[in-house]
Amino acid sequence: MNRRRFLQVAAAGPITLPEFHPKSMLHVPEHPVARAKFPAIDTHTHLFGIGRKYAPDSPEARAELAQTAKYMDECNLETLLNLTGGNSQMLLAIRKTMSEFGAKFLTAAEPVWSRASEPGYAQWQVEELKKCKQQGAVALKILKTLGLYLRENGKLVAIDDPCFDPMWDAAGSLDLPVMIHTADPGAFFTPIDSFNERYEELQRHPNWSFYDHDFPPRSELHAARNRVAARHPKTTFVYLHVGNDAEDLAEVSAWLDRYANVHVDIAARLGELGRQPRAARKFFERYQDRILFATDASWDAGKELPQQDLKPGMYRCYFRFLETDDEYFDYAPSEVPPQGRWKIYGIALPDDILKKVYHNNAARLLQLRTI
Ligand SMILES: [Zn+2]
């Protein structure tokens, strides 16, 4: 562009945010990682379409698992844990389809929230959880439903409501780690305005915001979850998404120090961890026995192929973050960063920590073979 043309374009006024796609001028070493260094267990995935869009015994479900199995071999993923497994009946169908793929896929169970306000629920849910275990469930998944959606007579049910105490205890005695998602990123609890670091994400999904209305403060949701972990020391809790406070690793560290039964997964928080690589590296060193490799990957056989092909790309962002000391790279393979406009830095974990994070920590919790 000659100088006159450049001045014309510049004079046309500021571009809009969606039009802004700066290309980094940095020349820095790049070390893409195609396969995880050790066989990885992804403890946080959602199979069968988001929200179990299609039946687990449908042709779509089989096609999805077949495609996923191929990606797993390409990326050195040994096992995926499907978290949204539903009740014991649903698990029966899920396990049937999964078993066609050897030991590649595992599933968690979920509480039956729709019955939570019925009399006798507490004991009923305990019996139901036993059935889920018999159907092969290896964990119990708690969606953010608890704390943000589940209501009784219009009022939100507290995460530490005593009606769930028997369920938390049963999960412990059945050796089912509780994979608990509580609250959401900090930006989802502040106004959607020009100060919000996830502004574009919230523009795309305004219903992900919990700012205003009658939602409790995020700190209270975290505190209620912590009270549950404190009350049930024999039950293992995995706080998903770095406890949904990856923005504040000092706070998450305090939780891990206080509650010996708590672990965290790193699903969908590369954007936070990779923006603070020095703090993240220390965090991984200190809690190397309690951090699980996880992505929150979901597949959707209804979507056309280019979308599906992003999945190995997504995994490779995680591998690069964990294994290399590359600088200023994308945390997701999409053109527009899905969460916020930031880049990340790798933390180059040593092999002994990588082996634990990729595999052995999860293997221990899920009673699989360690390496
Ligand atoms: Zn998830």
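**Entry 1: strand 9 and its neighbours**

I looked up the position of Phe-237 in this predicted model and found that Phe-237 stands opposite Val-262 in strand 9. I then noted that strand 8 (residues 237–239) runs parallel to strand 9, with three bridges joining them. Strand 10 (residues 291–292) also runs parallel to strand 9, through two bridges. There, I recorded Ile-291 as the bridge partner of Val-264.

I next examined the side chains of strand 9 (residues 262–265). Val-262 and Val-264 point one way, His-263 and Asp-265 point the other way, and all are buried.

**Entry 2: salt bridges**

I recalled that side chains of opposite charge can pair when their charged atoms come close. I recorded a count of 23 salt bridges.

I examined the pair Arg-275 and Glu-197, whose side chains meet at 2.9 Å, N to O. Arg-275 is partly exposed, at 31% relative accessibility, and Glu-197 is partly exposed at 37%. I also found both residues in a network of salt bridges with Arg-198, Glu-201 and Glu-272.

**Entry 3: two further pairs**

Are Arg-320 and Asp-326 buried or exposed? I found both of them buried; their side chains form a salt bridge of 2.7 Å, N to O.

Lastly, I noted a salt bridge between Lys-343 and Asp-330 (2.8 Å, N to O). Lys-343 is partly exposed, with a relative accessible area of 26%, and Asp-330 is partly exposed at 38%.

How values were computed: Residues numbered from 1 in each chain as written. Predicted model: local features only at pLDDT ≥ 70, side-chain atom pairs only at ≥ 80, totals over all residues. Heavy atoms only, no water. Buried < 20%, exposed > 50% of the residue type's maximum accessible area, 1.4 Å probe, protein only. Helix = DSSP H or I, 4+ residues; strand = E, 2+ residues; numbered from the N terminus. Pairing = 2+ DSSP bridges. Salt bridge = Lys/Arg side-chain N within 4 Å of Asp/Glu carboxyl O.
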